[in-house]
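Subject: Handover of a structure and of the findings in it

Dear colleague,

Please find below the structure that I am handing over to you.

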Amino acid sequence: MINIKEHENLSILNHSCAHLLAQAVKHLYPQAKFWVGPVIEEGFYYDIDLGEEVISEEDLPKIEKEMKKIAKDGKRIVREELTKEEALEKFKDDPYKIDLISRMDEENTIISCYSQGDFTDLCRGPHVDTVKQLKYFKLLKVSGAYFKGDAKNKMLQRIYGICFENEQDLEKHLQELEEAKERDHRKLGKELKIFMTHDLVGKGMPMWLPNGAMIRYELEKYIKDKEIALDYQHVYTPSLGSVDLYKTSGHWDHYKEDMFPKMVVDDEEFVLRPMNCPHHMLIYKNDLHSYRDLPIRIGELAHDFRYEASGAVCGLERVRCMCQNDAHIFCSINQVGDEFASVVKLILDVYKDFGFKDYSFRLSLRGKEKEKYFDDDEMWDKAESMLRKVLTDLGLDFYEAEDEAAFYGPKLDVQVKSAIGHDVTLSTCQLDFLLPERFDLTYINEEGKKERPVVIHRAILGTIDRFSAFLLEETKGALPLWLSPVQVVVIPVSSLHHESYAKEVYEKLKKSGIRVKLDDRNEKLGYRLREAQTQKIPYTLILGDQEKENNTVSYRLYSKKDTTSCLLDEFISRVKEKIEKKINE
RNA sequence: GCCGAUUUAGUUUAGUGGUAAAACAGAUCCUUGGUAAGGAUCAGAGGCAAGUUCAAUUCUCGCAAUCGGCACCA
């Protein structure tokens, strides 16, 4: 999908369109006051204060109509330059613009504003020459948005839209939005019976149906086997922990609002665990370690529970009950570089296996708000520069983002975009000097002295839940053979063939460990074939008299029209090989 | 959590202040069919809890869940 910000012409067009939107809103809602209207990847928005009045999606056509009307009048867009003083005078009745102007640092800055007909807005520009150039736009959605992005402030109303240079581009974009909805994992998850939710179970707590459970089983096996081969040691730990455990780790202070409330039993207090680090710290501590033992890698596919904000919950992407592909690497400070490198390599390996191409690495650093991060500037500076160096040495293409770190340290996040455009973290690798301190972790160094290990927190698949969501969307539900809940469907041409050859083939495939389904319903061949396709089953076997006579099978691949025939045994070994090697035909 | 919208059968949708229409899926029967929907019959529904009303699926309020954003995301 197009990124408006990456195209200069489109950026200008969309920014001008934001002004046009504001002008139309001002006509229809004279009390409207305007905050900012920037260009974003998907077009533009404008944040508006309408007082008591509320705009809903139903009002958008009306606003669009007014925009078209203004555009048709074709007023020129005129730039005007003011001193700060003049600007303050010009916008003296508009508290939002006063706020913006006062925040411009230097006294003698030139402040520009743009006028079109009866509307003037403070703006850096540039803009198109006349509103006449704004023809192919669409208002997309409305929502509330906190003033200055701070939940403590009042909520303004935000209107989103997008503008193109011609009709075709606009149509194409709107069509792409429709197509994105088609591969939304929530839609696919329902159609392919991957997962369900129920209000009696609760928000953000999906249930994995047999098909989904099979995908999950394979994913878990896949990553566990890979990790074991890389000398990770897997453990099982309880899904609950005492409140004291989280007080020790520091998570209680930072996240207690986002945890399910504590349970009091007799005189003990427990919580459902929101993460696994503390348990793993204690497992490390269960032994005395020599520098020779390091690094020690403790892994677990662990269930965690977080009281995610109700508005944040989304299908399998953001849930309140999740399964993390978690591990903690305990190493010496000298080993951090190598360990980080091997985690990055594992991530790249895994993404290659799944064919993921669209992702980016984000170095997530601490922000300015002191209380969000553990207060030890020296530790942070050390961790951040160390991590930056490791990534640079790896030659990794990454970008830096402030205020995205964990409270205990900086991290490398792998960001992907969901079908409907959410920017989410899939994998993460985090550097931590804090928890070893809090849990007083040590190892014995070469001189026989106690030393602090460093902890690397990492999740490759992230959570199995979110990973599955992304996988579904990337594959449009046509999963690779090795992950398909049903790999082969056997369709006898008619029920006369049910009891004999088709059944025999079905049993033989099943015995070979292939996930196979026999569709011997009393339905026409075309009907059953269609269902095999809509269910996106990789192989469809069609068996009739011809196949029976020659001991062969005729098969069709998902989304392909042609049929191939081969001996049954040949087919079995071919499919088994493809499953084994995790490849598709 | 905040702003806004939505909630009708297993699914997707229609409609109404006088108890609901359909398609697909399901069951039964007919059909024995060679590459994306054969036919007939049957069964099945207004999230939950209140209020207004002679009467509420429809209007109002509350709760829940879902959706679009905002904020949050260890």
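**The surface near RNA strand B**

Helix α16 supplies the largest share of the surface near RNA strand B, namely seven residues. Here a residue is near a molecule or strand if its C-beta atom, placed from the backbone, lies within 6 Å of it. Helices (H or I, at least four residues) and strands (E, at least two) are DSSP runs, numbered from the N terminus.

The model is a predicted one, in which local features need pLDDT of at least 70 and side-chain atom pairs count only at pLDDT 80 or more, while totals for chains, interfaces and linings use all residues. Residues are numbered from 1 along each chain as its sequence is written, and chains are lettered from A and ligands numbered from 1 in the order in which they are written.

There are 60 residues around RNA strand B, and those that come nearest are Gly-144, Ser-310, Gly-311, Ser-494 and Gly-544. Several elements each supply at least two residues of this surface, among them β7 (136-146), β8 (155-164), α16 (525-534) and α17 (545-550). By class, the surface has 21 nonpolar, 23 polar and 16 charged residues. In this count Ala, Val, Leu, Ile, Met, Phe, Trp, Tyr, Cys and Pro are nonpolar, Asp, Glu, Lys and Arg are charged, and the others, Gly among them, are polar.

**Chain A as a whole**

Chain A contains 18 helices and 28 strands. Its C-alpha trace spans about 90 × 75 × 50 Å along the principal axes. Of the 585 residues in chain A, 37% are buried. A residue is buried if 20 or more other C-beta atoms lie within 10 Å of its own, exposed if 12 or fewer, and partly exposed in between, with C-beta atoms placed from the backbone.

Among contacts between residues at least 6 apart in sequence, 70% join residues at least 24 apart. Two residues are in contact if their C-beta atoms, placed from the backbone, lie within 7 Å.

**Two pairs of helices**

Axes are lines fitted to C-alpha atoms, for helices over the stretch in contact, and angles run from 0 to 180 degrees between N-to-C directions. Angles under 35 degrees count as roughly parallel, over 145 as roughly antiparallel, 65 to 115 as roughly perpendicular and the rest as oblique.

The crossing of α1 and α2 is right-handed. A crossing is right-handed if the near helix is turned clockwise from the far one by less than a right angle, and left-handed if anticlockwise. Residues of α1 including Leu-20, Leu-21 and Ala-24 meet residues of α2 including Ile-63, Met-67 and Ile-70. This contact divides into nine nonpolar, two polar and two charged residues.

The axes of α11 (residues 336-354) and α12 (residues 377-394) come within 10 Å and cross at roughly 55°. These helices are therefore oblique to each other, and their crossing is right-handed. Val-336, Gly-337, Phe-340, Ala-341 and Val-344 in α11 meet Met-386, Val-390, Asp-393 and Leu-394 in α12. By class, seven residues of this contact are nonpolar, one is polar and one is charged.

**Details in the loops**

Glu-41 is found in the loop between β2 (39-40) and β3 (43-49). With 14 other C-beta atoms within 10 Å, Glu-41 is partly exposed. Glu-41 and Ile-4 are 37 residues apart in sequence, yet their C-alpha atoms are 4.9 Å apart in space.

Two peptide bonds deserve a note. The bond from Gly-125 to Pro-126 is cis, with omega near -5°, and Pro-126 lies in the loop between β6 (119-122) and β7. The bond from Leu-294 to Pro-295 is also cis, with omega near -5°, and Pro-295 is in the loop between α10 (277-285) and β15 (296-305).

Which values of phi are positive in residues other than glycine? Lys-148, in the loop between β7 and β8, has a phi near 60°. Asp-403 has a positive phi of about 65° and lies in the loop between β18 (398-401) and β19 (411-417). Lys-148 is partly exposed, with 13 other C-beta atoms within 10 Å, whereas Asp-403 is exposed, with 12.

Yours sincerely
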